[in-house]
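User: Got a model here that I'd like to walk through. Can you take my questions as they come?
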Amino acid sequence: MGSGQNNLLIFAGRSNVGKSTLFSKLFKVSVKKGKKPGTTIKPNFYRAGDVTAVDLPGYGYMKGISYEFSEKVKDFIVHYIENNAENIILAVQVIDIHSFREIVNRWESRGEIPIDIEMCEFLKEVCRNVIVAANKIDKVNKKTEEIEFAKKKLKAEIIPISAKKGDISYLKNRISEICKKEGVSIKFK
Ligand SMILES: Nc1nc2c(ncn2[C@@H]2O[C@H](COP(=O)(O)OP(=O)(O)OP(=O)(O)O)[C@@H](O)[C@H]2O)c(=O)[nH]1
Ligand SMILES: [Mg+2]
């Protein structure tokens, strides 16, 4: 039971990490971005060459959204990914590297598995290729340390970016490379 779309490039991540900001920067499309979590409620799609890029709603509980709503969104995302797994060329997990360590430490001190780690494990299980875009690097002082921390926790390829202020060409190149390896071509704008 898939969506019928093939060659998907999905962007997943907690609410407010900057998925939609990245999506509009990559594809020059105008999608809703916001200061408040829960900005993207339905996925945004964009056809980029052979590939359909999908900006997913953000998961995880945050101030201003009810627990029920965040659980509903998480279920939607997990089902969407499971149902479309065969068609997903690449999953880009977007994290907010500025708050990643603090959130991970908070969850782990409660004896819980941080939602980003859980999501990354799920993506790696289900998708052929997974990379992590460590967004908001412009807000981080000790960049190398924070990236190493994320790498150790997520055990994935981490690419630092600033969707809002910085250069995202390295991420673009990696996405293109992976698409090429999978036999499809992607067009950025
Ligand atoms: N400093 C900084 N802020 C950013 C960056 N990228 C996004 N933001 C800000 O983060 C906030 C959330 O951005 P969105 O793109 O709406 O986040 P999202 O992940 O799509 O959020 P949901 O749709 O709620 O899941 C906005 O205020 C953006 O301006 C970045 O690289 N650096
Ligand atoms: Mg969004």
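User: Is Asn16 buried or exposed?
Analyst: Asn16 is buried, because 23 other C-beta atoms lie within 10 Å. Buried takes 20 or more other C-beta atoms within 10 Å of a residue's own, exposed 12 or fewer, partly exposed in between, with C-beta atoms placed from the backbone. This is a predicted model: local features need pLDDT of at least 70, side-chain atom pairs count only at pLDDT 80 or more, and totals for chains, interfaces and linings use all residues. Residues are numbered from 1 along each chain as its sequence is written, while chains are lettered from A and ligands numbered from 1 in the order in which they are written.

User: Where does Asn16 lie?
Analyst: In the loop between E1 and H1. Elements are DSSP runs numbered from the N terminus: helices are H or I with at least four residues, strands E with at least two. Asn16 is not a glycine, yet its phi is positive, about 75 degrees.

User: What about Asn7, what's its phi?
Analyst: Positive, about 50 degrees, and Asn7 is not a glycine. Asn7 sits in the segment before E1. Asn7 counts as buried because 21 other C-beta atoms are within 10 Å.

User: On to H1. How many of its residues are buried?
Analyst: Seven of nine, so H1 (residues 19–27) is mostly covered.

User: Which ones?
Analyst: Lys19, Ser20, Thr21, Leu22, Phe23, Lys25 and Leu26.

User: And what covers them?
Analyst: The cover includes strands E1 (8–13), E2 (44–48), E3 (51–55), E4 and E5 (130–135), plus helix H6 (169–181). Contact here means C-beta atoms, placed from the backbone, within 7 Å.

User: What follows H1?
Analyst: Lys28, with a positive phi near 50 degrees.

User: Now the core. Which residues touch the most other members?
Analyst: In the largest nonpolar core, of 48 residues, they are Leu9, Ile10, Phe11, Leu90, Ala91 and Ala134. Strand E4 (residues 88–96) gives this core its largest share, seven residues. A nonpolar core is a set of buried Ala, Val, Leu, Ile, Met, Phe, Trp, Tyr and Cys residues joined through C-beta atoms within 7 Å.

User: What does Phe11 touch?
Analyst: Leaving out residues up to four places away in sequence, Phe11 touches Lys19, Leu22, Phe23, Val54, Asp55, Leu56, Val92 and Val94.

User: Helix packing next. What's the angle between H3 and H5?
Analyst: About 40 degrees, with the axes of H3 (residues 100–109) and H5 (residues 143–154) 10 Å apart. Axes are lines fitted to C-alpha atoms, for helices over the stretch in contact, and angles run from 0 to 180 degrees between N-to-C directions. H3 and H5 are therefore oblique to each other. Under 35 degrees is roughly parallel, over 145 roughly antiparallel, 65 to 115 roughly perpendicular, and the rest oblique.

User: Which residues meet there?
Analyst: Phe100, Arg101 and Val104 in H3 meet Glu146, Phe149, Ala150 and Lys153 in H5. The contact has four nonpolar, no polar and three charged residues. Nonpolar covers Ala, Val, Leu, Ile, Met, Phe, Trp, Tyr, Cys and Pro; charged is Asp, Glu, Lys and Arg; the others, Gly among them, are polar.

User: Last topic. Is Gly111 buried or exposed?
Analyst: Exposed, because Gly111 has 6 C-beta neighbours inside 10 Å. Gly111 is in the loop between H3 and helix H4 (115–126).

User: And Lys180, buried or exposed?
Analyst: Lys180 counts as exposed, with 11 C-beta neighbours inside 10 Å. Its place is in helix H6.

Terms used:
Two residues are in contact if their C-beta atoms, placed from the backbone, lie within 7 Å.
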